[in-house]
Amino acid sequence: MPSTLLRDSRALGVLAVPLVLTQLAQVALTTTDTVMMGLLGTTELAAGGLAIVIFNQVRTMGVGLVTSVGNQTAAAAARAEQRAAKETTTGPDDDVRAIVRAALAVATLAGVVGAVLMILIGQALPWLGQDPAVVDLARTLLYVLAPGLLPCLWFQALRQFTVGMRRPQALLRITIASVAVNAGLNWVLIHGTFGLPELGLLGIGTATSTVYLLTCAALYLSAKRDKELAPLLSLNIAKADPQVVKRLVGLGIPIAATYGSEAGFFSLTALMAGSFGPDALAAHTAVNQLVYIVFQVAVGLSHAASINVSRELALGDLDAARRIKNTALACAAAVMAVVGVLYVTIPRLILAPFLDTGSDRALAIATQLLVVTAILQFFDCAQNIGVGLLRGLDDTRSGFRITLIGYWAVGLPASWLLAHTFGLDTLGIWLGLLTGLATTAVLLLRRYTHSLGRREVAALPATAG
């Protein structure tokens, strides 16, 4: 048993560690943006936070549309290994190449539609009960962020391809470099150095869109230099196989809906926090960014677990697929425990980068929210891992149905009641978030266990024969 646990941990870690580090480096982009927004003032932080919430909502749903590319690629590679062992002449090249073309076609359509949607949402902000000064700044920032959505989703499609081929190393290098580039561009464009205009908050949005374009180009060039990836990399989306596109969209829509359900849940709570004033929204934005940072550990573990489940099922190993769940949850729990202790013991130090120049009331609200967050993030990570595990089973519909129950039928009503009926304001919102995430996590993990059990029972007659 110890040797099996070690082997499972190593198999998960080989893929998960670079993915977690990549996720953390990637979130450093928005963290840098948030810190610099905070340096501009509380109103700018509130407006920037609102715009980022909307951008993340649209971006996350677009990413969901191409997320299954990694699973499809991993399964194709595993089947290719089996064919190679039997010394057949067929290979995965055509299948994977078709998946890449279809993924880029889907990403292009999602990027265009999403950019238009962001602009329309910006126009609707005055109707959502936000402070007028916050609305004006947030709307203009959305206009600048919208063009960056297209290269952002192209990057995600290429990323899924490289991860599915189990070659994610270049992602980490590129993303780390993008953090430095983003920070430099932010400073230059905010303050108007080197003769450039002083754009303030808009400089942050301009830098973000530019970085998305640069990272997409860097990942493509890196893949073209990789002898294993280059033959499979096809950008001719005009030749995308309609059947492959249909399969990816069929798997991707429930994933996008699942991601969108979660992001929408958080987006609405941001609007609820904004109704309590700029201080409450600024505190919510700061704590939400901290949760988002830690959440990247779960994203990396979830993605790695999902890819490994797809691979093990293609190889017919149900026991390994079952162990992957326990290994991923144990790793996530260890990290969350350490971070939770920091939240409770040194809250002001953790919040200083975001609210050091803000109001005392915003800092007091955020400090209170961190106590809830120390518990909330356990369930937040568990539910994300659950979604990934189900995706590894090609079961993308269950995740969406379960998030509808956990977030919208349980979490959102709980947030509203605790915030307004019980008068807990922003604290009540986060207690509602905790309730919804806990419900979702339990339901997702139970669904995965039951699904594996049914597959095992279905395989018994064939095994016995």
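These legends walk through close-up views of a predicted model.

**View 1. Arg167, Asp226 and Glu228 join in a network of salt bridges.** Start with Arg167 and Asp226, whose side chains meet in a salt bridge at 2.9 Å, N to O. This pair links distant parts of the chain, 59 residues apart: Arg167 sits in the loop between α5 (149-164) and α6 (169-191), and Asp226 in the loop between α7 (201-224) and α8 (242-274). Now find Glu228, which forms a salt bridge with Arg167, with the closest N and O atoms 3.0 Å apart. Glu228 belongs to the loop between α7 and α8, and 61 residues separate it from Arg167. Which of these residues is buried? Asp226 counts as buried because its relative accessibility is 15%, under the 20% limit. Arg167, at 31%, counts as partly exposed, and Glu228 is partly exposed at 39%.

**View 2. Asp395 and Arg447 form a salt bridge.** Their closest N and O atoms are 3.4 Å apart. Asp395 lies in the loop between α12 (360-392) and α13 (397-421) and Arg447 in helix α14 (residues 425-464), so the pair ties together parts 52 residues apart in sequence. Asp395 is buried, with a relative accessible area of 15%, whereas Arg447 is partly exposed at 28%.

**View 3. Val338, Leu342, Ile346 and Leu349 make a nonpolar surface patch.** The patch covers about 360 Å². Look for Leu342 in helix α10 (residues 318-345); this residue counts as partly exposed, at 38% relative accessibility.

**View 4. Arg79 is found in helix α2 (residues 42-85).** With 39% relative accessibility, Arg79 counts as partly exposed. Ala28 is 51 residues away along the chain, and the C-alpha atoms of Arg79 and Ala28 are separated by 37 Å.

Methods:
Residues numbered from 1 in each chain as written. Predicted model: local features only at pLDDT ≥ 70, side-chain atom pairs only at ≥ 80, totals over all residues. Heavy atoms only, no water. Patch = residues over 30% accessible without salt bridge, like charges linked within 9 Å, V, L, I, M, F, W, Y side chains within 5 Å. Areas by Shrake-Rupley, 256 points an atom, 1.4 Å probe, with all protein chains shown as cover. Salt bridge = Lys/Arg side-chain N within 4 Å of Asp/Glu carboxyl O. Helix = DSSP H or I, 4+ residues; strand = E, 2+ residues; numbered from the N terminus. Buried < 20%, exposed > 50% of the residue type's maximum accessible area, 1.4 Å probe, protein only.
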